[in-house]
Amino acid sequence: RSPNPFKVGMKLEAIDPDNQRLFCVATIEEKLGYRIKVHFDGYSPMYDFWVNADSPNIFYAGFCQSTSRVLQVPSKWSSKKFDWSEYLDHTNSIGAQKTMFPRLSKPNDENPFEKGMKLETMYQGNIYAATVIDVLECRVLIEMDGQPDIPAMWMNIFSPYLHPCNYHSTVENPDCFVPPRKPFSWSEYLKDTGSKEAPPEFLFFRTRSPMEFEPGLKLEVVDRVNRQLIRPATVLCRNEYKIQVLFDGFDITFAYWLEDDSEDIHPINWSEKTGHPIEHPVGFSKSLDNGLCPTAGCRGIGNANFSDRFFHDNDKECPYNKENWMKLLIQKLPLRVETKK
């Protein structure tokens with residue numbers, strides 16, 4: 001793996017992980033090993049997020065202009081008049097260069113999808129009719145038809161959750177299909193919407209295989225509630241494309257599921273090789289406890305009750321209080337900015 005090329009203070013463009021339609025002006029706030037903390041310019045630090053340096057969700061300054069995409073700019077700037085050169089001069093900053101994103105120079109011949117294509121998508125146990133609303137590299141931005149409360153999301157073209165039209169009729173429980181209207185038939189829907197279906201031959205035969213994770217395997221995993229931290233973890237079990245992991249030294253009630261291709265998963269010694277600190281398992285080294293929080297193994301980092309605070313000194317605000325942990329796993333921040341479709 002090449003070294004992390006980014007510097008703190010550098011400007012770039014990034015997809016909002018909570019509102020994936022948006023490409024936004026952002027700044028690198030921190031750098032740890034092969035990871036960076038990204039801040040949306042003009043917005044609260046509570047929306048900051050961590051990614052790997054090779055994340056598919058970050059881009060060079062000027063990417064949107066070069067690809068005819070809309071860039072969401074800081075609130076005090078006009079999107080129509082925004083100019084990267086002027087902005088960099090105004091903020092006394094440097095912009096991330098295209099050469100820092102080698103993936104963007106690779107040919108994209110494998111992606112057969114086009115904007116407007118229809119297909120079916122699995123999401124939280126249900127199957128939905130869906131539309132491709134953007135295509136980028138080996139990914140598609142998927143919007144579930146007739147479901148305004150489900151956010152659009154980027155998915156790899158080999159994802160096991162993308163299926164051809166009428167896939168729902170082949171599953172054991174076709175009632176899990178949520179049509180955008182009733183009565184529903186794909187032939188009429190495609191005709192009425194003036195759409196074409198995504199290539200069924202690709203979706204049937206190009207789905208990736210599950211990763212080869214087995215129970216007992218050791219990993220390094222990004223902390224779900226304190227994403228600047230990486231912890232040693234163990235795979236408890238696997239269910240098709242998901243694995244259940246538990247941070248070493250934690251009670252079994254803290255186990256949780258994640259996708260087996262998640263960017264949060266790393267092999268053992270990944271942190272050491274990339275220069276990233278790693279948390280010691282609870283009880284493994286008492287020397288790391290700093291006394292700020294009474295919870296065993298907690299160093300006072302993060303805050304369960306105040307999203308704009310990054311430290312705590314009591315159990316009520318500790319992310320590893322069991323009640324807080326469960327709350328944080330499902331907690332969603334208010335939308336940073338409303339999306340205009």
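Which residue caps the N-terminal end of helix 6? The cap is N321, with a side-chain oxygen 2.9 Å from the backbone nitrogen of E323. The model is predicted, with local features requiring pLDDT of at least 70 and side-chain atom pairs pLDDT 80 or more, while totals for chains, interfaces and linings use all residues. Residues are numbered from 1 along each chain as its sequence is written, and side-chain values use heavy atoms, without hydrogens and water.

Helix 6 spans residues 322–330 (helices are DSSP runs of H or I with at least four residues, strands runs of E with at least two, numbered from the N terminus). Within helix 6, N324, W325 and L328 are buried (under 20% relative accessible area; exposed is over 50% and partly exposed in between, with a 1.4 Å probe and protein chains only). These three lie on the same side of helix 6 because they cover an arc of only 105° around the axis, taken from the directions from the helix axis to the C-beta atoms. E323 and I330, on the other side, are exposed. The cover over the buried residues includes strand 15 (242–247) and strand 16 (256–259).

N303 is located in the loop between helix 5 (270–274) and helix 6. Its relative accessibility is 10%, so N303 counts as buried. The side chain of N303 makes a polar contact with that of E317 at 2.8 Å (a pair of N or O atoms within 3.5 Å; within protein, one must be able to donate a hydrogen and the other to accept it, and residues adjacent in sequence count only if both atoms are side-chain atoms). A polar atom of the N303 side chain also lies 3.0 Å from the backbone nitrogen of N305.

Technical notes:
Contact means heavy atoms within 4.5 Å.
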